[in-house]
Amino acid sequence: MADSTRTQRTPVLVDGKALSARTWSILSGIGLEVYVVLALGIVALVAHGFNMFNYPAYTLLDDEGIYTGQAWAVLTQHRLAPFTFIYETPPVGWIILAAWMGLTGGLHTFGGSIDSGRVLMLILHLGMIPMVYGIARKLGCNVAAAACATLLFSLSPLALFYQRFVLVDTVMLFLALLSLDLLLDGWGRLSRVVFSGVCFGLAILSKESAVALLPGMVFIAIQQRWRHQGRFAFIGWVTPMLVVVSLYPMYAFLKGELFPTFDVPLGNLSPTRVSLMNTLFWEYLREGGGLLNYSNQFWELVRNDWFKRDALLLAGGAVAALINLRRGISSRQAMAVALLSIGPLLYLARGGMVLNYQILLAIPFLCLSLAAVFSVVLEKLPKPAMVASTLTVVVAIGLGYWSSGNLQPLFSEYPVVAGRTSTAWIKENISPESRIITRDDMWTDLRAEGMDGPAFPYVYTHWKVSSDPAVRDDVFKQDWHNVDYLITSPNIEKEFIASKNTVALEALKNAHLVKQWKSEPGTQGLHNQQIVELWKVDKVGVTETETLKNSGKYIENNFSQQGAFASSDGSVTALSQSNALLRAVWSNDRAGFNRTWAWTKQNLQNPQGLLYWLRQNDIITDAHTATHADNNTALALLLGSKLWNDPELAAAGTRMVKAIWNTEVLTIKGKPYQVAGDWAATGQGQILAINPSYFAPYAFRIFKDVDPTHNWQAVIDAGYDLLFNASKAPLGYTLSAGLPPDWIGLNRYTGELSALQLTDKTDTTRYGFDAPRVYFNIALDLRWSGDGRAKTYLQQAGFLKDEVGRLLQDGVTRKGLVSAIYKHDGSVVIEQPNLVGSAGAMAALLTLDPGAANTIYSSQVIGQVGHNSKGLYFGDQQDLIAQEWGWFATGLYANRLTDFWHNTTGVQPVKTGIESQGGRK
């Protein structure tokens, strides 16, 4: 029934020719100028939008980060600035930016926060295209001249470069051009005059430099009076403009921050109270050189920046402005163009502080000046010549820009890489609890959650650290020890010095480079190579706590199989199990310790109570013992027994200590030496195999407490003697670099040392994958016992100190690391460092040269971390040894490897030198 009441519609076939004719009729009804503006908009969209996220780099200019940070504060904190608002710039520009981000889904809708801001800059630029064209037409320019002015506004390398930045200057320009367009269109409509005044007031509250346009705007407002409006046209523009502008001082007045503080001379910011008037005096009394001083900032920028990018727009526009000023005697339109063009140039050249991007204020009006002059020239030509001349000028300008090389980098270079990759790495790998002093350009993305990383609530810009008491005094207490990291660029020290930023200066002097990111050099002179550096302050803090926790988590998640710590090939060694037991004790992880010890007892322990070396595919493939694994396991059992008050662990550890003496200690000429394993004392003829890195005096001092029937002190004494002798012996070379060898042979009859011959090793005297552990062991013994021999031995690591400080071929850069493998004479075998070598060198140099030790720790330990869902890893994710030694290096550096046997409180009595010494080398 319902269906029968429906209106029946019969499809109508439309004739193709009729549809085409109708479409053409609609299109032909659109004026030519609409198509011109649409074409100009498409050109602007491509020119401005293509590669805008990559060029220019956001690390080139602090202001992008400042404005996105303030927009973030408006959006999330409902305040005008994330820190103390000092009235340096009126807030409407970043309020609009905040509104844009809110409407589009947040800071990171288009990538980074600056990327999101650049999309707004593109939209504003596209919005200015019809306004520039329309203003040119309303000021008397013909279609061709207006189109050329608009094209120049979009294609000028100078305009393109600075219009891509996220700047409130662009917001100001949009509002100023909108005001001007409305004012010129106000023929008899007072409402548009009023709205124009409102827009210009908002332009001033976006960037105060808009006042430079005021003479031209007032001139035009006066000229717009009509008989039926009289003086109301001018009053109707000025009054709403002043009302809007007055909101800013009214806001300051209501907050008690309007009037000068009188505690500092005019032109200075008060350290005690914020004041709008103090800031205004400070802004406009900052010296930049007088107008006639050709070394001032304005002329410096003209010569070295603006003129290089676009001489036509800058010089041609200035000349055109003077021509229009002369024409203005008889032409009000020419006078309006001249005033609008000359005002910004005089403002920039006034002799105060000038920033490079402030040329944005003049760009559209220089384009209009050129258009006004070009229009006069074209009007004197016949129509065919006018068309030909216009095309010739456009082609000439385009070819000139392209051949100058100033346009290509905008579309082909990627200097943003350094900033983008550094931000991503820091968000991924640095603890969000770290206190960081950073550059402005990176602050917002670090402070806000997103971009696949957490928020960093304790990140502060260096300008705020220097000038904001709420940051300098309340957060950092004027003490560099409260800083964890600095994010810098080369020569940033000059800014620290200029701003008297003692906190940042002292922190940087006591910091070492973690990582450096570089973009490709690109076209120098147009865009400097971008370099971002992360420096870690030489102190123990949240970094070490988080690194130990998360790297331990990664080892557990990635390598543990129900208590067995297997390498990527599935093999489980006694050493990996002993290291896991030590990590569990030092991490106070009783459950992890129990799980590991249960598997080890069941699958690796031999009848003597020691550990088989290797298990693979569920069978023992090497039934020999390795002394260092046995030492570590016994030590872990004994430390755990004290920490958790467990007599069973103490008994197990004591049984293992006695088995170690019975199996792996031999007396040579009255001295007990610990050999490399149960295999090292048999089948080797008269030469015993000794691995110096198995020497663990810190453990032997505990062994002698539980096994007083054996002379473990003599093992310590003999081991130290052997270590000193092995390091200085030439071992077949003409000289020794003073490094311990991986292996050494000990004559069982004479006690003499020699190079050891092993069937599976070509050169056992190398400082390779074993020997660096010597320095770690001795450094730990120094921490636990204070033995003078340990300190003396570590102080003989001068070769490693020299390696870290060695100048490379450029004569400027220092090596900053220790290579993986050296021959006994110090010749490099493998240049690329590894975690074992870095841990050993750091351990040695903490005593000899803390600055060099911090260099290694920052760049070769912390600088090598990565994160995934399983935790934090060092270097190669699948390298168990790298993960173990990254953890042990961090633990030693942080003094977290506690001797629970003698010190159950966990407080170490021996200072490391980390916090009291150091500094960049």
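# Strands, helices and salt bridges in a predicted model

Tutor: In this predicted model, β13 and β14 run antiparallel, joined by 4 bridges.

Student: What makes β13 and β14 a pair?

Tutor: Pairing takes at least two bridges. These strands have 4, so they pass the cut-off. One facing couple is Ile-690 and Ile-744, the latter in β14.

Student: How do you know that β14 and β15 pair?

Tutor: The same test applies. They share 2 bridges in the antiparallel sense. At least two are needed, so the pair counts. Gly-745 has Ser-754 of β15 as its bridge partner.

Student: Which way do the residues of β14 point?

Tutor: Ile-744 and Leu-746 point one way, Gly-745 and Asn-747 the other. All are buried. In a regular strand, side chains alternate between the two faces of the sheet.

Student: Why is Thr-438 called buried?

Tutor: Its relative accessible area is 1%. Buried means under 20%, so Thr-438 qualifies. The residue lies in strand β1 (residues 436-438).

Student: What does Thr-438 touch?

Tutor: Leaving out residues up to four places away in sequence, its contacts include Trp-443, Val-459, Tyr-460 and Ile-487. The C-alpha atoms of Thr-438 and Tyr-485 are separated by 8.3 Å, though the two are 47 residues apart along the chain.

Student: Why is α31 described as largely enclosed?

Tutor: Because 12 of its 17 residues are buried. Among them are Trp-712, Ile-716, Tyr-720 and Phe-724. The helix covers residues 712-728 and reaches 25 Å, close to the 24 Å expected.

Student: Why is α8 also described as largely enclosed?

Tutor: In α8, 15 of the 17 residues are buried, so the rest of the structure largely encloses that helix. Helix α8 (residues 168-184) reaches 24 Å from its first C-alpha to its last, close to the 24 Å expected.

Student: What makes Glu-64 and Arg-118 a salt bridge?

Tutor: Their side chains meet at 2.9 Å, N to O. The cut-off is within 4 Å, so the pair counts. Glu-64 lies in helix α3 (residues 62-77) and Arg-118 in helix α5 (residues 113-138), so the pair ties together parts 54 residues apart in sequence. Both residues are buried.

Student: How many salt bridges does the structure hold?

Tutor: It holds 25. Some are linked: Arg-701, Asp-717, Asp-781, Asp-787 and Arg-789 are in a network of salt bridges.

Student: Why is Asp-473 called partly exposed?

Tutor: Its relative accessible area is 25%, so it sits between the 20% and 50% cut-offs. Asp-473 forms a salt bridge with Arg-472, with the closest N and O atoms 3.1 Å apart.

Student: What lies between domain 2 and domain 3?

Tutor: They bury about 960 Å² between them, 52% of it on carbon and sulfur atoms. Asn-429, His-512 and Lys-536 supply 48% of the area that domain 2 buries against domain 3, more than any other three residues. In contact are 10 residues of domain 2 and 14 residues of domain 3. The rule finds 1 salt bridge across this interface.

How values were computed
Residues are numbered from 1 along each chain as its sequence is written. This is a predicted model: local features need pLDDT of at least 70, side-chain atom pairs count only at pLDDT 80 or more; totals for chains, interfaces and linings use all residues. Side-chain values use heavy atoms; hydrogens and water are left out. The expected span of a helix is 1.5 Å times one less than its number of residues. Buried means under 20% relative accessible area, exposed over 50%, partly exposed in between (1.4 Å probe, protein chains only). Contact means heavy atoms within 4.5 Å. Buried area is the accessible area (1.4 Å probe) that two parts lose on being put together, summed over both.
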